[in-house]
Amino acid sequence: MIRVILPTHLRRLANSNREVEINVAAPITIRAILDSLEETYPMLRGTMRDQTTMQRRAFVRFFACGQDYSHAAVDDALPDLIATGAEPFWVVGAMAGG
Amino acid sequence: MANVRVLVGTRKGAFILTSNEKRKRWEVSDLLFPGWEIYHFNASPVDPNRLYISQNTGWFGQIVQRSDDGGKTWNAVGNKFAYEGETGTHQWYDGTPHPWEFKRVWQLAPSLTERDVVYAGVEDAALFRSGDAGQTWQELEGLRSVRGNLWAPGAGGMCLHTIIQDPRDANRIVVAISAAGVFRTDDGGETWRPITKGLKSAYELPDPDADVGHCVHNLAMHPKRPGVLFMQKHWDVMRSDDYGDSWYEISGNLPTDFGFPIAVNSNKPNTVYVIPIKSDSEHYVPDGKLRVYRSKSGGEKWQALTEGLPQENCYVNVLRSALAVDQLDPCGIYFGTSGGQVYASADDGDSWRALVRDFPPVLSVEVQTLE
C-alpha cells in the first residue's frame, strides 16, 4: 500500500484522514499515485491536476522523502521508500496559493 | 407558515440563515466548506431541498457540491467543464489573443421546470448545461461563436455571471458576460445573438456600433413580466421592454449609476433596487453611506433607503450576486457586503437590519421561500 498525506481541504473533501493508504500498481510514479487517488476518491478529480491537460495545478506541490517532486516527470519511478510504504507521498498546497 | 432560507456564499465558506415568515428571529448555520470561496449558492425552484454550491480555491480549483436534503448533507458532483471543439482565443487584458481557460463557476442556475437540469456560467465565459443534476456538464458552445474572439475580460475576469430563464419558454435564456455583453437564445442554447442595441459604453468601447464588448454587471427580471429586463451596467442602469431587443437608460436621479447588483420586488414588477458604488475605480458606497436605491416606477425616479443602514464611515461594496428577494408580501430584500454584513428588509426596503455582521466578505446571496 502507498501512503499519501493530503492537505486539509482535500482531506475534508474526501472525508478522509490526513494520511490515506491506496493500492497502486508498480511502477510507483506520480501519475500512478494520482490515478489511484482519484479512483479511490473521485471527488478529488481536478483538485491536484487539470482534468483536461492532466498537468499539475500551479499551486499544488508534491513531496517525497523530503524532496520537492513538483517538477519531476510524472512517469519516473519514485524512491523505494515510497513504493514500500515506508515514507508517505505528500500533496501540499503551495504557500503562494493562499 | 412559510419559512425563509437565505443562502450566503462568502470568501471563506457558506452559510444558511433561516427564519419563518415573520423574518424577525434568524438561525445561522455552521460554516459550510470552510476556507473555500463560494461564488454561488443557489436552490432549485422545482425541488426546494436541492441546493447547489460553486466552491473554489486558487489551490485546488473548482468543486460543485449538491445537497438533496436542504443543506444537511452534501456530495461533490461533476467538476469537469471542458470547452467544446476548437476553442480558439479571446482577447486578453492587453488586447492580445489568449486561449480559453476554465477558471471557476460564477453562477449555478437550476432549471425552472426540470429537477435535474442546471446551468452553469463560468470563467472564461461560457455556458454549460447539466441534465443529470450536476454529474456531467456540456457546453452550449453556440454562445462563444458570437464573436467570442473579440470578448475581453473585465477587472474581475471574463465571467458569465448572470443567467435569466424565461418562465414561459424554457428555450429562451438571457446571459450576461463581463465584459462581453448580453446575449439571448430562443432555441434552448443552440444559437445566440447579442442583444445590446441601445447600450452605450463610450469609454470602454470606441466603436459606438459594437454589439459585443459591453460590460454588463447584472440583470434582473420579474417572472410575471419576462419581457422586461433591468440591467446594471458598468455605468448606467438600463431597461428593456422587449426581452433585450432594445435598451434605454433609467439611471435618472441616482447619485452614481455605477454598481453591481440589481433586483426586482417579487410582488411589484415595476419596483427595482440597486446599490450604487462611487465609481469604476472606487468600489465602495459614496459618501461613507450605505444606501439602497428603490424605484417604484421601473426606473428614472429613485429613492434612497437608509433606515437601519450605516450612514457614516461605511465603505463597503455589494457584489453582483449578493442581492436577492424573497416571495413573501411585503417583499423581503437581502444583501451581503464586502465587509461581511448581511442586511435584510422585511418591508419592501423601508427599513433594514443586519442579520449578521462578521461574516467573511460576501460573494453571493440567494433566498428560498418555503411553504
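Two residues are taken to be in contact if their C-beta atoms, placed from the backbone, lie within 7 Å. The structure described here is a predicted model. By this criterion, and not counting residues up to four places away in sequence, M221(B) touches I164(B), P226(B), V228(B), L229(B) and V264(B). M221(B) belongs to strand β18 of chain B, which covers residues 216-221. A residue is called buried if 20 or more other C-beta atoms lie within 10 Å of its own. M221(B) has 22 other C-beta atoms within 10 Å and is therefore buried. The C-alpha atom of M221(B) is separated by 9.6 Å from that of Y243(B), the two residues being 22 residues apart along the chain.

The confidence of the prediction was examined for chain A. The pLDDT of chain A averages 95, and 98% of the residues score at least 70. Among the elements of chain A, the highest mean pLDDT, 98, is that of strand β1 (residues 2-5). The lowest mean among these elements, 95, is found in strand β4 (residues 67-68) of chain A.

Chains A and B touch one another. The contact involves 15 residues of chain A and 12 residues of chain B. On the side of chain A that touches chain B, helix α1 of chain A (residues 8-14) gives the most, with 3 residues. By class, this side of chain A consists of 8 polar, 5 nonpolar and 2 charged residues.

The largest nonpolar core has 137 residues. Those with the most contacts inside this core are V8(B), V122(B), L219(B), V342(B) and V365(B). Strand β15 of chain B (residues 169-178) supplies the largest share of the core, 5 residues. The surroundings of V8(B) were considered with its neighbours within four places in sequence left aside. Under that condition, V8(B) is in contact with A14(B), F15(B), L17(B) and F41(B), and also with G336(B), V342(B), F359(B), V362(B), S364(B) and V365(B).

Strand β15(B) was then considered together with its partner strands. Strand β14 of chain B (residues 159-166) is joined to β15(B) by 7 bridges, and the two run antiparallel. Between β14(B) and β15(B) there are 2 residues, and the two strands form a hairpin. Within this pairing, I163(B) has V175(B) of β15(B) as its bridge partner. β15(B) is also joined to strand β16 of chain B (residues 181-185), through 5 bridges and in the antiparallel sense. A hairpin is formed by β15(B) and β16(B), with 2 residues between them. The bridge partner of I177(B) in β16(B) is G181(B).

Another part of chain B contains an open sheet of 4 strands in the order β22-β23-β24-β25, with antiparallel pairing. Strands β22 and β25 (303-305) of chain B stand at the edges with a single partner strand each, so one side of each is left without a neighbour in the sheet. From one strand to the next, the twist averages 30 degrees. Strand β22 of chain B (residues 259-264) and β23(B) run antiparallel and are joined by 4 bridges. In this pairing, A263(B) stands opposite Y273(B) in β23(B), and I262(B) has V274(B) as its bridge partner. On joining strand β24 of chain B (residues 292-295), β23(B) forms 3 bridges, again with the strands running antiparallel. V274(B) stands opposite Y293(B) in β24(B).

The burial of β23(B) was also examined. In strand β23 of chain B (residues 272-276), 5 of the 5 residues are buried, so the strand is largely enclosed by the rest of the structure. In a regular strand the side chains alternate between the two faces of the sheet. From β23(B), V272(B), V274(B) and P276(B) point one way, whereas Y273(B) and I275(B) point the other way, and all are buried.

A further open sheet of 4 strands in chain B has the order β4-β5-β6-β7, and its pairing is antiparallel. Its edge strands are β4 (37-43) and β7 (75-76) of chain B, each of which pairs on one side only. Strand β5 of chain B (residues 51-57) and strand β6 of chain B (residues 61-67) pair in the antiparallel sense over 7 bridges. N56(B) stands opposite Q62(B) in β6(B).

Conventions: Residues numbered from 1 in each chain as written. Chains lettered and ligands numbered in written order. Predicted model: local features only at pLDDT ≥ 70, side-chain atom pairs only at ≥ 80, totals over all residues. Core = buried A, V, L, I, M, F, W, Y, C linked by C-beta atoms within 7 Å. Buried ≥ 20, exposed ≤ 12 C-beta atoms within 10 Å, placed from the backbone. Pairing = 2+ DSSP bridges. Nonpolar A, V, L, I, M, F, W, Y, C, P; charged D, E, K, R; others polar. Axes fitted to C-alpha atoms, helices over the stretch in contact; angles between N-to-C directions. pLDDT = per-residue confidence, 0-100.
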